[in-house]
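Subject: Structure handover and what I found

Hi,

Here is the structure I promised.

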Amino acid sequence: MHERRSLRLGLHLSQDVPERKRGRRKRPVPTCLACPGTSRLNIPTCRAAGWKPKGASLNAALLAKRETEKGPSSNSPLSQPRKSATSGKTLLHAQGHRNKTAAQRSCDQPVPPSSIKMVLIPSFLLILACLSGSFGQEDLQKKVFVFPAASRKAFVLLKVPLQEPLASLSVCLKHHCPLSRPYSLFSYATRSSDNDFLIFKDKPNMYSVTVGGSVVNFNIPKKDIPQWEHVCVSWSSTDGLIYFWLDGVLLPRLGTKKGYRISPQAHIVLGQDQDTFGGGFDINQSFMGDMSEVNVWSQMLTTDDVRLLMKGDTVPKALASWNSFNYTLHDYVVVKDEVP
């Protein structure tokens, strides 16, 4: 009897185990015929699309009708991507996605991080440029750079496209300065020479031109009252001669650095003398006053060219032209209209 009960008990136990296992199994979730692998949450959408998946409840059908009448909301399955249990990839309901307008789809799609970077990086660079100083490439006809006060920080950075060493260089500008002390007008510095090409006024009756570190002085008549002065300088490596025009008049020619080449890796500054590449400014050599009509060429000028420039005309093939000037203002320098 005891053995029979044990056998019966063992039989009952063996039969209960699969029943409990079957009881713990999850009920099959109705799947969408349009979106395989999706859950019951998508059933309303499926019914809205005309599908009748097996196992859909009456509540789901009513919800589908409600969703069809009011359209997709932000909390509906249409606006929320689901993840597939098999592949792990994000899937959008096909029919709901087709029903959306182009504007809705563009608004719902997340912005890729790369697009955010493309927007933020140029904006950040623009802010840095504005903080460092005003900049631009513009027509400066009838305009002047005003240096209101002596400073070791105020200057204009001139941007000139250079590819090869220069066998000749010409610079023209006009300025109006009240100073009797030395000051720099045009400073062309390279890694090898901080005074590779420099136009400097040492005193009211003397200009100096430096090429490759070698200085040549030009004496001029002294003026009791400061006036506008138009200066043009041309240097050629062929013979080393320097042509210096003051207000359209050519001074006696002097020479230096025959056969020399000026490096194209340059930092060009107006209003300061560079004692190092891009720096080393001295307030006692800074320019103060007005400066205008700055032009640069990689060729020699003639007296006829200079006279054309003084009349407001242009000379072709300029590396930097006043009517299309590429520059950056640093510190206290202002662009103003020219006063007649």
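Start with W322. W322 has a relative accessibility of 2% and counts as buried. The model is a predicted one.

**W322 and its surroundings**

W322 sits in the loop between β17 and β18. Its C-alpha atom is 5.7 Å from that of L140, although the two residues are 182 apart along the chain. Setting aside residues up to four places away in sequence, W322 touches a run of residues from E138 to Q141, namely E138, D139, L140 and Q141. It also touches K143, V144 and F145.

**Nonpolar cores**

F145 turns up again in the largest nonpolar core, which has 47 residues. The members that touch the most others are F145, F186, Y188, F197, F244 and F325. Strand β7 (residues 183-190) gives the most to this core, with four residues. Apart from it lies another core, of nine residues; Y243, L301, L309 and V315 are among them. As background, nonpolar side chains in soluble globular proteins tend to be buried together.

Leaving aside neighbours within four places in sequence, F244 meets Y207, V209 and F218, among others. Its contacts also include V231, C232 and V233, as well as V249, L250 and L251.

**Helix α7**

Which residues of α7 (residues 303-310) are buried? They are D305, V306 and L309. Viewed down the axis of α7, the buried residues fall within an arc of 100°, so they line one face of the helix. They pack against four strands: β6 (168-176), β11 (229-236), β12 (241-246) and β16 (289-297). L309 is also one of the residues in the nine-residue core. After α7 comes G312, with a positive phi near 90°.

**A buried glutamine**

Q274 lies in the loop between β15 (266-270) and β16. Is Q274 buried or exposed? Q274 is buried, with a relative accessible area of 0%. Its side chain makes a polar contact with the side chain of S187, at 3.1 Å. The Q274 side chain also reaches the backbone oxygen of H267, at 2.7 Å. Beyond neighbours within four places in sequence, Q274 is in contact with S187, Y188, A189, D194 and N195, among others. Its contacts also include H267, I268, V269, G279 and F281.

**Positive phi outside glycine**

Two residues to check here. K142 has a positive phi of about 65° and is not a glycine. K142 is in the loop between β3 (135-138) and β4. It is exposed, with a relative accessible area of 62%. D247 also has a positive phi, near 55°, and is likewise not a glycine. D247 is in the loop between β12 and β13 (249-250). It is partly exposed, at 31% relative accessible area.

**Charges over rings**

Two lysines to view. The charged end of K174 sits over the ring of W228, 5.1 Å from the ring centre. K257 lies over the face of Y260, at 5.0 Å from the ring centre.

**The chain overall**

The protein chain has seven helices and 19 strands. Of its 340 residues, 38% are buried. Among contacts between residues at least 6 apart in sequence, 64% join residues at least 24 apart.

Best wishes

Note on methods. Residues are numbered from 1 along each chain as its sequence is written. This is a predicted model: local features need pLDDT of at least 70, side-chain atom pairs count only at pLDDT 80 or more; totals for chains, interfaces and linings use all residues. Side-chain values use heavy atoms; hydrogens and water are left out. A charge sits over a ring if NZ of Lys or CZ of Arg is within 6 Å of the ring centre and within 35 degrees of the ring normal. Buried means under 20% relative accessible area, exposed over 50%, partly exposed in between (1.4 Å probe, protein chains only). Helices (H or I, at least four residues) and strands (E, at least two) are DSSP runs, numbered from the N terminus. The arc is that of the directions from the helix axis to the C-beta atoms. Contact means heavy atoms within 4.5 Å. A nonpolar core is a set of buried Ala, Val, Leu, Ile, Met, Phe, Trp, Tyr and Cys residues joined through side-chain atoms within 4.5 Å. A polar contact is a pair of N or O atoms within 3.5 Å; within protein, one must be able to donate a hydrogen and the other to accept it, and residues adjacent in sequence count only if both atoms are side-chain atoms.
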